[in-house]
Amino acid sequence: FLFLIIGVLSVSKMSSGGRLEVPTTSIVPVPYNIDSIVEEEKSFSSKHIHIEPSVITQAQGSAYLEHDQTKVIAACYGPQPTHVRRGFSATCVLDCDVKFAPFSGNKRRKDQPTDGDKELSESLASALLPCVCLSKYPKSIIHVQVTVLEDGGSAFASVVNAACMALVDAGVEMFDLLAACSIAMDEKGDIVSKEQSCGELTMVLMSSVGEVTLMEQKGKMSDAISQKMIQQAVEECGRIHVLQQHFLSQSHIEKNTFEAEEDDEESEEKEEDDDVMGEEADE
């Protein structure tokens with residue numbers, strides 16, 4: 001009876017203190033329309049997005065992403081059993097590693113990880129944790145490794161989008177797809193480059209659930225500009241969410257088509273072998 005009272009008090013305290021750390025249930029994504037995707041691509045032609053899942057055969061899941069001039073590749077290894085030294089863990093451990101290729105920028109970078117790389121790795125883990133169903137994989141660990149091949153701006157948003165697609169490609173259960181974007185505005189409220197802006201906003205959103213897992217805002221701006229940036233970021237994340245669904249569906253169709261062709265080839269070879277064996281038996 002005492003344990004029951006403690007559990008009720010802890011649940012009430014958790015619910016009164018604010019929103020839960022993760023959604024309690026999973027929501028079925030809203031079906032998309034391919035025609036609307038084409039129109040969205042035309043209206044945002046300056047920010048071309050291309051996603052290619054399953055590009056690394058050695059990993060359980062992977063994805064290659066191009067967002068304008070930024071190119072990122074992500075790999076997911078796991079879920080794998082944790083080492084004995086880590087001890088027992090009722091939930092899955094999410095290990096994220098973000099690094100920049102030496103040739104990713106105008107100046108050649110060192111191969112050793114920097115403080116900025118470690119900060120991006122921690123930010124990626126903070127953004128992914130509320131989205132992954134960690135309770136489904138006890139005593140396990142998931143490694144997410146992301147490499148920025150070319151940094152053309154908004155690198156962290158591309159890192160989050162690529163990592164999310166790699167997790168989905170690996171079959172890891174998630175509450176929703178994560179969509180991230182970065183927006184910079186000037187004092188007039190127009191979207192400009194980072195150098196000409198008065199502030200920058202980075203948002204990571206679960207569009208179907210309606211939960212923001214991470215948001216960072218830099219610069220000096222008025223409340224009106226800040227609200228406009230948030231509204232624009234939500235709309236941009238919704239567009240990226242639709243594109244993620246599109247590329248995942250196309251990858252699934254191509255995979256099923258390839259497997260069906262392989263099955264047809266195997267059945268044809270088997271029929272040919274049976275015919276040869278029948279002819280030899282007749283002789």
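In the predicted model described here, the side chain of T70 reaches the backbone nitrogen of G152 at 3.1 Å, a polar contact being a pair of N or O atoms within 3.5 Å in which, within protein, one atom must be able to donate a hydrogen and the other to accept it, while residues adjacent in sequence count only if both atoms are side-chain atoms. Because its relative accessibility is 0%, T70 counts as buried (under 20% relative accessible area, with exposed over 50% and partly exposed in between, for a 1.4 Å probe and protein chains only). Leaving aside neighbours within four places in sequence, T70 is in contact (heavy atoms within 4.5 Å) with L65, E150, D151, G152, G153, A155 and S158.

The model is predicted, so that local features need pLDDT of at least 70 and side-chain atom pairs count only at pLDDT 80 or more, whereas totals for chains, interfaces and linings use all residues. Residues are numbered from 1 along each chain as its sequence is written, and side-chain values use heavy atoms, with hydrogens and water left out.

T70 belongs to strand β3 (residues 70-81), helices (H or I, at least four residues) and strands (E, at least two) being DSSP runs numbered from the N terminus. An open sheet of mixed pairing is formed by 5 strands in the order β1-β2-β3-β5-β4, where two strands pair if DSSP finds at least two bridges between them. β1 (49-53) and β4 (93-100) stand at the edges with a single partner strand each, so one side of each is left without a neighbour in the sheet. β1 pairs with strand β2 (residues 61-67) in the antiparallel sense over 5 bridges, and the bridge partner of E52 in β2 is Y64.

The largest nonpolar core holds 60 residues, of which L124, V146 and L167 touch the most other members; such a core is a set of buried Ala, Val, Leu, Ile, Met, Phe, Trp, Tyr and Cys residues joined through side-chain atoms within 4.5 Å. Helix α4 (residues 155-169) gives the most to this core, with 11 residues. Not counting residues up to four places away in sequence, L167 touches C76, L128, V132, I142, V144, V172 and M174.

In the protein chain as a whole there are 5 helices and 8 strands, and buried residues make up 37% of its 283 residues.
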